[in-house]
Amino acid sequence: MPREHRIFLVVVDDSPELNTALHFACLRARHTGGHVALLYVMEPVVGQQWLSIEHLIRAEKREQAEQVLQRLGGEALDWSGRIPALYIREGDRREELLRLIEEDQSISILVLGAGTGSEGPGPLVSHVAGRVAGRLRVPITIVPGALTDAQLALLA
């Protein structure tokens with residue numbers, strides 16, 4: 001992929017603000033000629049006595065990740081007009097996110113959705129925007145999770 005294309009990376013989780021972050025990233029990608037990338041991080045399989053059970057659990061998690069990415073990838077295609085890049089990793093979400101950004105030099109912007117609840121913006125937003133922001137090689141866009149599609153369209 002040529003360097004002039006912006007790649008908007010969105011981290012997939014089960015939060016309600018994921019949809020807002022994804023929609024914003026897709027609209028920005030469409031308006032700037034960029035692409036969207038989706039990162040799904042599977043929790044590691046730990047504490048299994050039997051290797052065969054560990055393999056089965058890992059395969060089930062991988063299948064679930066692929067199904068989620070297929071659904072969200074279809075939405076990203078509809079919203080952005082381009083097929084997104086899809087990444088599946090296993091490990092700690094924060095560590096894998098930072099590792100991917102360092103490994104894939106085509107990623108140019110990280111887009112995160114901020115939670116709207118009283119507990120704050122969410123653990124990933126807090127971690128990335130606070131503890132590691134200065135070490136990242138890409139800017140971070142934090143999208144308020146309560147924005148409507150109409151509001152997103154005006155911003156993108």
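How far apart are the end C-alpha atoms of α1, and what should its 15 residues span at 1.5 Å a residue?

A: The model is a predicted one. The end C-alpha atoms of α1 are 21 Å apart. The expected span is 1.5 Å times one less than the number of residues, so the 15 residues of α1 should span 21 Å, and the two values agree. After α1 comes G33, which has a positive phi, near 75 degrees.

Next, the side of the helix that is covered. The buried residues in α1 are L18, T20, A21, L22, H23, F24, A25, C26, L27 and A29. An α-helix has 3.6 residues a turn, so residues three or four places apart point the same way. The partners of the buried residues of α1 are β1, β2, α2, β4, β5 (140-144) and α5 (149-155).

Some of this packing belongs to the largest nonpolar core, which has 25 residues. V10, V12, L22, V36, L38 and V111 have the most contacts inside this core. At least two core residues each come from β1 (7-12), α1 (18-32), β2 (35-42), α2 (51-80) and β4 (109-114). The largest share, eight residues, is supplied by α1. Within its surroundings, L38 touches L22, and also L9, V10, V12, L69, L72, G73, A85, L86 and Y87, if residues up to four places away in sequence are not counted.

The open sheet has five strands in the order β3-β2-β1-β4-β5, with parallel pairing. Its edge strands are β3 (85-90) and β5, each of which pairs on one side only. On average, neighbouring strands of the sheet are turned by 25 degrees against each other, direction ignored. The helix α2 also packs on the sheet, where it touches β1, β2 and β3, and its direction makes about 160 degrees with that of β2. At the other end of the strand order, β4 and β5 run parallel and are joined by five bridges. G113 stands opposite V143 in β5.

The loop between β1 and α1 holds E17. Is E17 buried or exposed? Buried means under 20% relative accessible area, and E17 counts as buried because its relative accessibility is 13%. Leaving aside neighbours within four places in sequence, the contacts of E17 are G113, A114, G115, P121 and G145. E17 and L112 are 95 residues apart in sequence, yet their C-alpha atoms are 8.4 Å apart in space.

L112 is also touched by I140, a residue of strand β5. I140 counts as partly exposed because its relative accessibility is 25%. Along the chain, I140 and H127 are 13 residues apart, and 12 Å separates their C-alpha atoms. H127 lies in helix α4 (residues 123-131) and counts as buried, at 13% relative accessibility. Apart from neighbours within four places in sequence, H127 is in contact with R94, L98 and V132.

Definitions and conventions:
Residues are numbered from 1 along each chain as its sequence is written. This is a predicted model: local features need pLDDT of at least 70, side-chain atom pairs count only at pLDDT 80 or more; totals for chains, interfaces and linings use all residues. Side-chain values use heavy atoms; hydrogens and water are left out. A nonpolar core is a set of buried Ala, Val, Leu, Ile, Met, Phe, Trp, Tyr and Cys residues joined through side-chain atoms within 4.5 Å. Buried means under 20% relative accessible area, exposed over 50%, partly exposed in between (1.4 Å probe, protein chains only). Helices (H or I, at least four residues) and strands (E, at least two) are DSSP runs, numbered from the N terminus. Contact means heavy atoms within 4.5 Å. Two strands pair if DSSP finds at least two bridges between them. Axes are lines fitted to C-alpha atoms, for helices over the stretch in contact, and angles run from 0 to 180 degrees between N-to-C directions.
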